[in-house]
Amino acid sequence: MVFFLSAFIALLTFAWGLAASVDGGGSASLPWLIREQALYLSGVLGIGLMSLAMALATRPTALERALGGMDRIFHLHKWAGILAAVFAALHWLIEMSDDLLESVFGEAGQVPEAHFGALLENLRDAGEELGEFAIYFVLGMVILSLWKRFPYKFWRHLHRAMPVLYLLLAFHAAVLAPPEYWNKAVGWLMAALLAAGTAASILALTGRIGRDRRARGVVASVSSPAPDITEVTCRLDAGWNGHRAGQFAFVGFDRFEGAHPFTIASADRGDQTVTFQIKALGDYTRRLATRIAVGQPVTVEGPYGRFLLERHNRNARQIWIAGGIGITPFLSWLDALHAAPDSAPQVELHYSTRNASRDPFVERLQRLCGRLPMVQLHIHDASLGATLTSEQLAASQPKGGRTEVWFCGPRQFGDQLAAGLASIWGRRLRFRREVFEMR
């Protein structure tokens with residue numbers, strides 16, 4: 001993600017640099033010229049990143065392979081939006097800096113204002129006002145997105161205003177960009193990004209995002225194997241084309257609440273059924289068991305994701321690690337391997353849990369792995385002081401050879417393991433993980 005965003009910002013900056021040759025007619029002083037070009041650069045970066053965020057919000061499955069899965073696409077969408085808001089705020093601050101520059105350097109060196117026809121002047125005035133209004137709301141949306149305690153059901157409805165705000169900012173960028181931009185690389189790039197962002201906004205406003213991957217059905221069963229776990233099995237209609245072990249879907253039980261992403265915890269058996277293991281992590285999921293019933297309508301959109309069993313490297317040592325509800329994709333993997341046990345790789349599966357005696361997944365894992373002799377199960381019970389560390393993993397493995405680690409669990413736990421194993425095994429390690437933060 002860091003490489004992609006850095007390259008995207010570098011491309012926009014390079015295009016701006018090729019066009020940054022306005023000299024203000026020779027009468028402007030250096031501070032005012034720097035302000036003008038900084039204003040243009042921050043504007044190009046802000047609207048460019050926001051256009052990228054809007055395009056990624058359409059859930060482009062064609063990019064899953066290149067970007068590593070829909071979870072990473074949404075992670076990229078989130079940070080593109082945050083960076084866009086940062087550059088938009090910087091753009092606004094630079095715009096407001098004229099009084100400060102006047103007090104320090106005087107008015108004499110200002111860049112002369114360009115004059116246009118009456119119609120374009122009116123459009124530019126409108127674009128400036130609408131852009132300032134939209135920037136305030138975008139900054140507010142970013143703050144609410146980062147504030148995890150803000151209820152999702154309210155955030156979701158506020159977030160639906162983003163396409164409208166984007167269109168306002170796109171209008172602002174189009175009418176206030178220097179006219180000479182449009183026959184240069186920066187103008188061509190901006191035009192393409194504005195077109196993509198506008199198309200994405202229209203798709204969002206008309207409710208067409210994900211429509212062709214949406215299936216309807218009913219809740220076939222509901223149970224609570226543990227106080228904080230809800231197991232839901234859904235029977236879907238012909239619109240569901242099946243899934244691969246390890247993928248996830250957006251599931252909607254409540255129209256007002258909207259759809260939430262959950263990993264599919266069952267293999268595809270060709271019978272149009274999918275099972276989800278949902279952990280109580282918020283207001284919605286805590287009340288889920290009491291709010292849904294057998295026979296209730298459900299909408300499932302997907303499948304998405306590249307955390308796939310079939311992608312494992314057959315020439316590398318396999319270590320699968322799960323923490324808490326991160327076991328769900330591995331349950332799907334194990335379920336799928338039961339249909340073809342001879343294809344199971346030699347695997348060490350490590351499951352970290354707070355209390356094994358109360359964990360509903362432990363018994364299921366023992367049963368599934370008991371039928372797959374190639375899968376060696378290790379339970380790490382935190383209540384007994386058994387925590388998994390990178391040193392412990394490395395010490396239990398033979399020297400040499402390549403190792404592929406598949407991880408799904410809490411982010412901090414994954415970061416610690418990834419950093420520790422990388423320092424021990426270096427280039428011999430391939431660490432794969434799900435980035436399950438949609439907000």
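Which residue in β4 is the bridge partner of Ala 249? In this predicted model, select Ala 249 together with Phe 262, its bridge partner in β4. Extending the selection to residues 248-252 displays strand β3, which pairs with β4 in the antiparallel sense over 4 bridges.

Next, display the whole sheet. It is open and consists of 6 strands in the order β4-β3-β6-β1-β2-β5, with antiparallel pairing. At its edges are β4 (260-263) and β5 (273-279), each of which pairs on one side only. On average, neighbouring strands of this sheet are turned by 40° against each other, direction ignored.

Then select Arg 59 and Phe 250: the charged end of Arg 59 sits over the ring of Phe 250, 4.1 Å from its centre.

The tour now turns to aromatic pairs, of which the model has 14. Select Tyr 40 and Tyr 181, an edge-to-face pair with 5.8 Å centre to centre and 65° between the planes. Tyr 40 belongs to helix α2 (residues 30-56), whereas Tyr 181 is in the loop between α8 (162-176) and α9 (185-205), 141 residues apart. Tyr 181 counts as buried because its relative accessibility is 2%.

Move on to Trp 320 and Trp 333, also edge-to-face, at 4.7 Å centre to centre and 80° between the planes. Trp 320 is in strand β7 (residues 317-323) and Trp 333 in helix α12 (residues 328-339); both residues are buried.

Methods: Residues numbered from 1 in each chain as written. Predicted model: local features only at pLDDT ≥ 70, side-chain atom pairs only at ≥ 80, totals over all residues. Heavy atoms only, no water. Pairing = 2+ DSSP bridges. Helix = DSSP H or I, 4+ residues; strand = E, 2+ residues; numbered from the N terminus. Axes fitted to C-alpha atoms, helices over the stretch in contact; angles between N-to-C directions. Phe/Tyr/Trp six-rings, centres within 6.5 Å; stacked < 30°, edge-to-face > 60°. Buried < 20%, exposed > 50% of the residue type's maximum accessible area, 1.4 Å probe, protein only. Lys NZ or Arg CZ within 6 Å of the ring centre and 35° of its normal.
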